[in-house]
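Please read the following report alongside the sequence and the coordinates. The headings follow the topics in turn.

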Amino acid sequence: VLAEARTLCGGISGNTTAKITSQHGLLYDKLIRIFGVERAEQYLRANEAALQKYRELCADIDCDFEEKTAYVYSLDDRGKIERELAALEKLNFQGELCESLPLPFPVAGAVAYPHQAQFHPLKFVSAIAKDLHIYEHTPVQALDGTTAITEYGKITAKKVIVATHFPFLNQHGSYFLKLYQDRSYVIAIEGASSIDGMYLD
């Protein structure tokens with residue numbers, strides 16, 4: 001059972017960049033420094049396994065799934081790019097150094113992550129949600145163990161997964177005070193030249 005506060009995919013999922021990647025910025029050098037090579041590799045392999053699972057799921061779903069190269073670049077710090085490449089090498093991942101990108105501005109360098117992907121998340125969710133029990137406009141007001149309490153009644157389950165972007169309950173274990181809201185913007189330009197790949201600075 002899914003208790004959805006508003007409408008399915010009406011929030012983050014409906015407005016996502018639709019990237020399915022193991023690349024989340026200049027991350028792996030930092031992960032190795034903080035947690036060590038073994039844990040950083042676990043994180044990378046988990047992301048790669050999720051990407052492979054999406055490949056399998058999307059094979060039979062019309063959701064505009066396509067493989068793309070993901071690039072993370074720096075405008076002015078070549079050292080960050082070189083450290084990230086060195087980190088990926090330690091994790092046995094074949095990142096590629098790019099000296100320039102087909103962007104309308106110069107970069108100090110970039111790391112390319114080949115065989116990443118993008119898709120249309122709303123088409124994907126529409127396909128996988130057909131046989132699920134989903135209750136829209138049913139916000140969970142409280143959790144009591146494994147019972148979710150809504151204004152329409154209680155949902156009791158063996159396990160409860162809170163799948164919100166930001167904790168909706170200010171209680172112990174929800175990390176409410178450790179998170180912050182953040183927003184970024186994308187500009188769509190009609191008639192702009194098409195550039196292949198996905199880019200993050």
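## Basis of the description

This is a predicted model, in which local features need pLDDT of at least 70 and side-chain atom pairs count only at pLDDT 80 or more, whereas totals for chains, interfaces and linings use all residues. Residues are numbered from 1 along each chain as its sequence is written, and side-chain values use heavy atoms, with hydrogens and water left out.

Helices (H or I, at least four residues) and strands (E, at least two) are DSSP runs, numbered from the N terminus. Relative accessible area, computed with a 1.4 Å probe on protein chains only, sorts residues into buried (under 20%), exposed (over 50%) and partly exposed (in between).

## Nonpolar cores

A nonpolar core is a set of buried Ala, Val, Leu, Ile, Met, Phe, Trp, Tyr and Cys residues joined through side-chain atoms within 4.5 Å. The largest such core has 17 residues, and those with the most contacts inside it are Tyr28, Leu88, Leu91, Val111 and Tyr113. At least two residues of this core come from each of α1 (28–35), α2 (37–58), β3, α3 and β5 (109–118), and the largest share, four residues, is supplied by α3.

When residues up to four places away in sequence are not counted, Leu88 touches Tyr28, Phe93, Gly95, Val111 and Tyr113, contact meaning heavy atoms within 4.5 Å. A second, separate core of twelve residues includes Ala18, Cys58, Cys63 and Val125.

Two strands are taken to pair if DSSP finds at least two bridges between them. Three strands form an open sheet in the order β7-β8-β9, with antiparallel pairing. Because β7 (140–144) and β9 stand at the edges, each with a single partner strand, one side of each is left without a neighbour in the sheet. Neighbouring strands are turned by 25° against each other on average, direction ignored, where the axes are lines fitted to C-alpha atoms (for helices over the stretch in contact) and angles run from 0 to 180 degrees between N-to-C directions.

β7 and β8 pair over four bridges in the antiparallel sense, and Leu143 stands opposite Ala148 in β8. Four bridges likewise join β8 (residues 147–150) to β9 (residues 153–156), which run antiparallel; these two strands form a hairpin with two residues between them, and Ile149 stands opposite Lys154 in β9.

## Salt bridges

A salt bridge is a side-chain nitrogen of Lys or Arg within 4 Å of a carboxyl oxygen of Asp or Glu, and by this rule the count comes to eight. One of them joins the side chains of Glu41 and Arg45 (3.7 Å, N to O), which both lie in helix α2, four residues apart, about one turn of the helix. Glu41 is partly exposed at a relative accessible area of 24%, as is Arg45 at 33%.

Arg78, Glu82 and Glu99 are linked in a network of salt bridges. Within helix α3, Glu82 and Arg78 lie four residues apart, and their closest N and O atoms are 3.2 Å apart. The side chains of Arg78 and Glu99 meet at 2.7 Å, N to O, a pair that links distant parts of the chain, since Glu99 lies in the loop between β4 (96–98) and β5, 21 residues apart from Arg78. Glu82 counts as partly exposed at 43% relative accessibility, and Arg78 likewise at 26%.

## A loop residue

Asp76 lies in the loop between β3 (66–74) and α3 (78–90) and is exposed, with a relative accessible area of 71%. Its C-alpha atom is separated by 5.1 Å from that of Ala108, 32 residues apart along the chain.
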